[in-house]
Amino acid sequence: MRVVFQQCTKFSTSCNRAFLARFLKPVMNASPKEHVVKQLLKPVGLNVPPRPNIKYSEGNSWLDLFDGAKTEERIKELEIEFAKSGMYEMATFRKTNGKLFLSPESYWKADKALYFPHLSGRTLSSEDHGNVEDVLRGKTSVIRVFSTQVGDKISREYIKNTELGIDNYENQSCQVIDINFLENKLKSWLFKLSLNNLKSTVPVQRHDNYWLCHREQIPFLMRERLLINNVYSGYIFVVDPNLKIRFMACGPALADEFNKLWKVVGQLSKEKK
């Protein structure tokens, strides 16, 4: 009996090692591909609309580990995640100056457009938690998404142009929403210590639409689909009253992108009428 138990244990251990080796080898050997800046063609977003209390899952359940197809898919996912480390993202940002892609030539049609994700958080005006989609529904929205000071600065170029005296925070055709992504619990804690300082730098009239949301609630691969994974850049979404993403841009605002974005806002304001 003891011999049989030892043989079973030996078999189980060897199987575990073989499984781990198969699982980890391609992940550890993953190497990042050089980032190529391309113009957006296909709509960006999710297939299902955001809803309260939805939780986006990442990875496999225990039972999925026994499903060969799902395991292979997860291995490929981890290859991407391991390859795109913080150093890779920093190098990519420096190479592109945050212009990770070029905005589409025109806005995406309503029947083809995909949805903005569910996000929960708090605003500068209230400690109460809420859902971002609740303030987007029924309105045309220009949304800034950023995690760093430089991302904040360059994404603001799409809203305000000091040289031309343009301030689209006051645009009557849409609402402007700021989403400050907090990267992790430690940075969230440090951020809370400087919250009063942030409030003093953001105009009081903007506090209701300035959101603080945890970045981790959107898994890595979903951020890849939404093209917002590089923490150093800043992103702009134009979202219609039905919560669909109709236009997107990132990095510094080129003159034609600035003009295209606000042309899209004007077209959507007519569309909903």
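## Basis of the model

The structure is a predicted model, in which local features need pLDDT of at least 70 and side-chain atom pairs count only at pLDDT 80 or more, while totals for chains, interfaces and linings use all residues. Residues are numbered from 1 along each chain as its sequence is written, and side-chain values use heavy atoms, with hydrogens and water left out.

## The sheet

The open sheet of 8 strands runs E3-E12-E11-E6-E9-E10-E4-E5, with mixed pairing. Strands (E, at least two residues) and helices (H or I, at least four) are DSSP runs, numbered from the N terminus. Two strands pair if DSSP finds at least two bridges between them. Strand E3 (114-115) and strand E5 (126-131) are the edges; each has a single partner strand, so one side of each has no neighbour in the sheet.

Strand E11 (residues 234-239) and strand E12 (residues 244-250) pair in the antiparallel sense over 5 bridges. Within this pairing, Val238 stands opposite Phe247 in E12. Helix H5 (residues 149-156) packs on the sheet and touches E6 and E11, its direction making about 155° with that of E6. Helix H9 (residues 255-271) also packs on the sheet, touching E6, E9, E11 and E12, and its direction makes about 165° with that of E12. Contact here means heavy atoms within 4.5 Å. The axes are lines fitted to C-alpha atoms, for helices over the stretch in contact, and the angles run from 0 to 180 degrees between N-to-C directions.

## Strand E10 and its partners

Strand E10 (210-214) is mostly covered, with 4 of its 5 residues buried. Buried means under 20% relative accessible area, exposed over 50%, and partly exposed in between (1.4 Å probe, protein chains only).

E10 pairs with strand E4 (residues 120-123) in the antiparallel sense over 2 bridges, and the bridge partner of Thr123 in E10 is Trp211. With E9, the pairing of E10 is parallel and covers 5 bridges; here Asn180 has Leu212 in E10 as its bridge partner.

## Salt bridges

A search of the whole structure gives 9 salt bridges. A salt bridge is a side-chain nitrogen of Lys or Arg within 4 Å of a carboxyl oxygen of Asp or Glu. Side chains of opposite charge can pair when their charged atoms come close.

Asp178 takes part in two of the bridges described here. In one, the closest N and O atoms of Arg144 and Asp178 are 2.8 Å apart. This pair links distant parts of the chain, with Arg144 in strand E6 (residues 141-146) and Asp178 in strand E9 (residues 175-182), 34 residues apart. Arg144 counts as buried at 2% relative accessibility, and Asp178 is buried with a relative accessible area of 2%. In the other, Arg206 and Asp178 have their closest N and O atoms 3.2 Å apart. Arg206 lies in the loop between helix H7 (195-201) and strand E10, 28 residues from Asp178, and both Arg206 and Asp178 are buried. Through shared partners, salt bridges join Arg144, Asp152, Arg156, Asp178 and Arg206 into one network.

Arg137 and Asp134 form a salt bridge between their side chains (3.5 Å, N to O). Arg137 counts as partly exposed at 43% relative accessibility, and Asp134 counts as partly exposed at 45%.

## A nonpolar surface patch

Val37, Leu102 and Leu254 make a nonpolar surface patch of about 210 Å². Patches are made of residues with over 30% relative accessible area and no salt bridge; like charges are joined within 9 Å, and nonpolar side chains (Val, Leu, Ile, Met, Phe, Trp, Tyr) within 5 Å. Accessible areas come from the Shrake-Rupley method with a 1.4 Å probe, and for residues, only the protein chains shown count as cover. Leu102 is found in strand E2 (residues 101-102) and counts as partly exposed at 33% relative accessibility.

## Positive phi angles

Most residues other than glycine have a negative phi. Asn53, which is not a glycine, has a positive phi of about 70°. Asn53 lies in the loop between strand E1 (38-39) and helix H2 (68-83) and is exposed, with a relative accessible area of 77%.

Asn97 is not a glycine either, and its phi is positive at about 60°. The loop between helix H3 (86-96) and E2 holds Asn97, which is partly exposed with a relative accessible area of 49%.
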